[in-house]
Amino acid sequence: MRELDLKPAYQNMKRPVSVPGGISMLFMVLGVFAMLASLWLIGLGGMAAKLVLLGFWGLMIVPHLMQARLNGGDWAAVFILCGLIGVVAIGAGGLDAKLRLIGNLLILPLGLICGGVIGRDCLRVMIPALVIYLPLASVFQLTHDGWRLNHPFLFLGLFGLCCVAGLAGRVFGVIGLISAVAVMLSQTRIAVFALLMVVVGRINLSRAWTWLLGLPIIIVAGFFVVNWLPRILMTHGSGRLAFWQMFWADWQAGSDSQKWLGFGAGSVETVLQNLPSAAAFGALHNDHFRILFETGLIGAVLWILVWGMLIWRLRGARLAVCILGSVAVTMVTDNTLSYGHYLLCCGMAAGIAMHEVTHGE
């Protein structure tokens, strides 16, 4: 398959001030500040934070896209994604809800492109920003299941970035280990499962040392989970299934137009807001089902095709496939589409992993 011929636009530019790796100091400083600003803007509802993400990284890849040569598979993925966005645009729902959903749909592909064309330089922006933000914003919260560390998906995104840092320095290994422990301490089961999927993509399963060291580590980790993190193994009901069944019944009872084109962007939140019993639930906690409900069968088919094209495009890099697979898994029981920074980090990590396999780095 013909690969992208993407050369960094700044490759031949003269930069009097730079840091190791070729990235300009100005780019790194501005990027870190922009990402920190976007992280702190999450508390305002997330839309402003996503605008910063899309705006900054969108501008960063414009020079690269102007020199890009796309192959057939790339164009197919672009057309399918545009089709899904078109279904959202022509469907029911308010303009704000449509723009919010479209923005959410663009973040993961944007991260993939950034990782593929900018490469490891993305790490010099995202990792410092997360390393500064997370220690300041992370706290243990008391829930009915006990104490849990917040920001599991931000830690998971940081872990994914550290996994593709490779031999750039041992410090990334330490940061990655701390991030993995933080994900465990969050006791968010789907995040822990996604973490394990990324780990499987990172390690070499054909080496004897993997099994000789891996089995004892798994046993110790299992003992730690059973004794100190019981929520990960709990099987109590969260209420998700009841709401999924309710939305499934509503979708089946909808008109033909609603079944094909959905109930419109933002319709899930509208339904939940009218249910007093859903106040504590907050959202549907299933992005795949949400796409079906809000964009109908046409949108759901395009959604599946987008994921299929992305995984097919990255099939040569096991780590990249595992990272994307972990994102898709988290969407089964969570609102991952709303987690812009997590999606961006995973997209970048998968793009970098594929880039390095493609170019033999």
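This report covers the cavities, nonpolar cores, cysteines and selected residues of a predicted model.

Local features need pLDDT of at least 70 and side-chain atom pairs count only at pLDDT 80 or more, while totals for chains, interfaces and linings use all residues. Residues are numbered from 1 along each chain as its sequence is written, and side-chain values use heavy atoms, with hydrogens and water left out.

**Cavities**

Rolling a probe the size of a water molecule over the atoms shows where empty space is left. Here a cavity is a set of points on a 1 Å grid over the protein atoms alone where a 1.4 Å probe fits but cannot get out, and lining residues have an atom within 4 Å of a point. Points are joined across faces, edges and corners, and a volume is the space filled by probe spheres set on them. Two cavities of 30 Å³ or more turn up.

The largest cavity holds about 120 Å³ of space. It is lined by 13 residues, and those closest to its centre are Leu105, Leu108, Pro109, Trp303 and Val306. Helix 3 (72–90), helix 4 (95–117) and helix 13 (287–313) each give two or more residues to this lining. Helices are DSSP runs (H or I, at least four residues), numbered from the N terminus. By class, the lining has twelve nonpolar, one polar and no charged residues. In this count Ala, Val, Leu, Ile, Met, Phe, Trp, Tyr, Cys and Pro are nonpolar, Asp, Glu, Lys and Arg are charged, and the others, Gly among them, are polar.

The second largest cavity has a volume of about 30 Å³. Its lining includes Val87, Leu101, Leu261 and Glu294. Helix 3 and helix 13 each supply at least two of the lining residues. The classes here are six nonpolar, three polar and one charged.

**Nonpolar cores**

A nonpolar core is a set of buried Ala, Val, Leu, Ile, Met, Phe, Trp, Tyr and Cys residues joined through side-chain atoms within 4.5 Å. Buried means under 20% relative accessible area (1.4 Å probe, protein chains only). The largest core has 89 residues, of which Met35, Trp57 and Leu161 touch the most other members. Helix 15 (residues 340–358) gives the largest share, eleven residues. Leaving out residues up to four places away in sequence, Met35 has contacts (heavy atoms within 4.5 Å) with Leu53, Phe56, Trp57, Val125, Met126, Ala129 and His341. A second, separate core of eleven residues includes Trp244, Val268, Leu284 and Ala300.

**Cysteines**

There are zero disulfides in the whole structure. A disulfide is a pair of cysteine sulfur atoms within 2.5 Å. For Cys346, the nearest cysteine sulfur is that of Cys345, at 6.9 Å.

**Buried residues**

| Residue | Relative accessibility |
|---|---|
| Cys162 | 9% |
| Cys346 | 4% |
| Tyr133 | 6% |
| Gln187 | 4% |
| His285 | 13% |

Tyr133 sits in helix 5 (residues 123–137). Tyr133 and Leu39 are 94 residues apart in sequence, yet 7.4 Å apart C-alpha to C-alpha. Beyond four places in sequence, Tyr133 touches Leu36, Leu39, Trp40, His151 and Leu154.

Most residues other than glycine have a negative phi. Gln187 has a positive phi of about 55°. Gln187 is in the loop between helix 7 (170–186) and helix 8 (189–202). His285 has a positive phi of about 60°, and lies in the loop between helix 12 (267–273) and helix 13.

Methods. On a 1 Å grid over the protein atoms alone, a cavity is a set of points where a 1.4 Å probe fits but cannot get out, and a pocket is an open set with protein on both sides within 12 Å along at least five of seven lines; lining residues have an atom within 4 Å of a point. Buried means under 20% relative accessible area, exposed over 50%, partly exposed in between (1.4 Å probe, protein chains only).
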